Amino acid sequence: MSMSEDEVPRTDTVLTFYYKTLKLKSLIRTGWKQWNVKRDRLESVAEHIFGTMMLAIAMKSEYKIDVDISEAIFMLAMHETEEIVIGDITPYQGISREKKKEMGKRALKIVLEPL
C-alpha cells in the first residue's frame, strides 16, 4: 500500500514541534521565582509536566479512578505546552483566568499549527 504525498509524515514538522517543546526544559516555573525559593536548582515546566503525569498514572492505579489515562496524560502535556509562547503565568500576575485561557488557546494553536 502506498501513501499519497499528502499522507507522508513530514519529519521537519515533527522536529520543529519537538524542538519548540524542548524549551520547557529550561523554562523555570514562575512561582518558584516569585516566592523567592532558595534552592540550588528550581523546577522547570517540563519537570512539572513529568511529575503531574506520573501522579496521574499512580492515582489511576491506586485509586482505581475511571479515567482514560492516555487522554489525561495528553491533556496534562497540552495544558503546559502553551507556556512555550506565553510563559508560566501565575494567578498573582494580575491576568484574569479568562484572559489567560484566551492567551493559552492562541499559544497552543501556534505551537500545534505545524502538526
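Tutor: In helix α4, Ala72, Ala77, Met78, Glu80 and Thr81 are buried, where buried means under 20% relative accessible area, exposed over 50%, and partly exposed in between, with a 1.4 Å probe and protein chains only. The model is a predicted one, in which local features need pLDDT of at least 70 and side-chain atom pairs count only at pLDDT 80 or more, while totals for chains, interfaces and linings use all residues. Residues are numbered from 1 along each chain as its sequence is written, and side-chain values use heavy atoms, with hydrogens and water left out.

Helices are DSSP runs of H or I with at least four residues, numbered from the N terminus. Helix α4 covers residues 69–81, and because 13 residues at 1.5 Å a residue should span 18 Å, the 18 Å between its end C-alpha atoms agrees with expectation. The expected span is 1.5 Å times one less than the number of residues.

The buried residues of α4 pack against α1 (11–22), α3 (45–63), α5 (83–86) and α6 (97–112); contact here means heavy atoms within 4.5 Å.

In the loop between α3 and α4 lies lysine 64. Its phi is near 55°, a positive value in a residue other than glycine. Lysine 64 counts as exposed because its relative accessibility is 65%.

A pocket is an open set of points on a 1 Å grid over the protein atoms alone, with protein on both sides within 12 Å along at least five of seven lines; a 1.4 Å probe is used, and lining residues have an atom within 4 Å of a point. The second largest pocket holds about 250 Å³ of space. Its lining includes Met78 and His79, as well as Arg97 and Lys100. The elements that give two or more residues to this lining are α4 and α6, and α6 gives the most, with 6 residues.

The largest pocket has a volume of about 340 Å³. Helices α2 (30–34), α4 and α6 each supply at least two residues of the lining of the largest pocket, and the largest share, 3 residues, comes from α2. Of the 18 residues that line the largest pocket, Arg29, Asp88, Ile89, Thr90 and Pro91 lie nearest its centre.

Definitions and conventions
Points joined across faces, edges and corners; volume = space filled by probe spheres on them.
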